[in-house]
Amino acid sequence: MECGLIFQSALPDDAFGAPAVRLPCLVDEGGREHFLRPGTNLVGREGDVMIQDSRASRKHAEIIMKDGVVSVRDLGSTNGTTLNDEPVGGDAVAMQQGDVVAFADNKLTLSIPGSANATQALPTNKTQAVPAAPTKAAAAHLMIGDETHELSLGANKLGRRPENDIIFDDPYVSGSHALIEVADGTFILTDLSSTNGTFVNGAKLAHNEPTTITPSDEITFGRTEARIENV
């Protein structure tokens with residue numbers, strides 16, 4: 001789900017007649033998503049959310065998801081748990097979208113699908129609106145098939161995660177796939193270590209190396225073809 005690696009083939013939504021449900025998750029500093037299940041999730045060197053750090057206790061903390069509320073409590077860990085830099089003890093403390101929880105300095109950010117500015121219960125609809133980003137003047141367009149996506153001045157993040165500026169519905173695209181930077185009519189494309197790669201005119205880009213592109217270039221993210229169009 002995260003990296004865009006397909007083992008056999010991608011299934012369409014509701015392939016078995018069941019609605020798609022996206023659960024809240026903790027996102028670590030490397031971009032890895034640790035999905036939370038209803039009830040109690042054990043955090044530590046052993047458990048549901050694994051912390052691969054000797055400073056973390058074997059059973060470090062618990063993330064509890066109950067009645068639409070996500071909370072955290074420390075389990076007497078050696079090096080402690082903090083929420084937004086405030087110490088967390090043995091009593092459960094409620095968390096909100098975007099809160100940063102740290103287990104022995106290993107920081108993870110809570111992501112709740114469909115949340116805008118408030119804590120929200122588990123999603124129940126098949127599709128949800130992506131929170132609207134602050135309005136920016138379009139400096140260019142990224143054309144994906146017949147769809148037009150605005151590119152703003154500065155950095156534009158691309159991938160399958162909902163927090164990206166341009167969101168792809170392509171299982172071969174990684175959660176955080178690429179970055180397009182726009183400045184003074186110049187376009188710089190960087191592949192963010194995606195699994196299935198970013199291609200310009202058929203040539204695969206090296207990971208994390210900025211490349212200047214033009215509106216005449218053919219770009220491929222995973223298996224999605226795109227091109228840039230000036231406004």
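Start with the aromatic rings: the chain of this predicted model has 1 aromatic pair. Rings of Phe, Tyr and Trp (its six-membered ring) pair if their centres lie within 6.5 Å; planes under 30 degrees apart count as stacked, over 60 as edge-to-face and the rest as tilted. A pair of aromatic rings is described by the distance of the centres and the angle of the planes.

Before going on, note that residues are numbered from 1 along each chain as its sequence is written, and that side-chain values use heavy atoms, with hydrogens and water left out. In this predicted model, local features need pLDDT of at least 70 and side-chain atom pairs count only at pLDDT 80 or more, while totals for chains, interfaces and linings use all residues.

Next, select tyrosine 172 and arginine 223. Arginine 223 sits over the face of the tyrosine 172 ring, 4.1 Å from the ring centre. A charge sits over a ring if NZ of Lys or CZ of Arg is within 6 Å of the ring centre and within 35 degrees of the ring normal.

Now show the whole chain as a cartoon. There are 22 strands and 0 helices; both are DSSP runs numbered from the N terminus, helices being H or I of at least four residues and strands E of at least two. Of the 231 residues, 38% are buried (under 20% relative accessible area; exposed is over 50%, partly exposed in between, with a 1.4 Å probe and protein chains only). As a surface, the chain exposes about 12900 Å², and carbon and sulfur atoms supply 48% of that; the areas come from the Shrake-Rupley method with a 1.4 Å probe, and for residues only the protein chains shown count as cover.

Select β3, β4, β5, β6 and β9. These form an open sheet of 5 strands in the order β4-β3-β5-β6-β9, with mixed pairing. β4 and β9 (93-95) are at the edges with a single partner strand each, so one side of each has no neighbour in the sheet. Two strands pair if DSSP finds at least two bridges between them.

Zoom in on β3. Strand β3 (residues 39-44) runs antiparallel to strand β5 (residues 61-66), joined by 5 bridges. With strand β4 (residues 49-50), β3 pairs in the parallel sense over 2 bridges. Which residue of β5 stands opposite leucine 42? Glutamate 62 does. Valine 43 has valine 49 as its bridge partner in β4 and alanine 61 in β5.

Go on to two loop residues. Aspartate 67 lies in the loop between β5 and β6 (69-74); its phi is positive, about 55 degrees, although it is not a glycine. Aspartate 67 is exposed, at 72% relative accessibility. Alanine 104, in the loop between β10 (100-103) and β11 (106-111), also is not a glycine and has a positive phi, near 50 degrees. Is alanine 104 buried or exposed? Alanine 104 is buried, with a relative accessible area of 4%.

Finish at valine 231, in the segment after β22 (224-230). Valine 231 is exposed, at 67% relative accessible area. Leaving out residues up to four places away in sequence, valine 231 touches Ala138, Ala139, Ala140 and His141, where contact means heavy atoms within 4.5 Å. Valine 231 and leucine 151 are 80 residues apart in sequence, and their C-alpha atoms are 9.5 Å apart in space.
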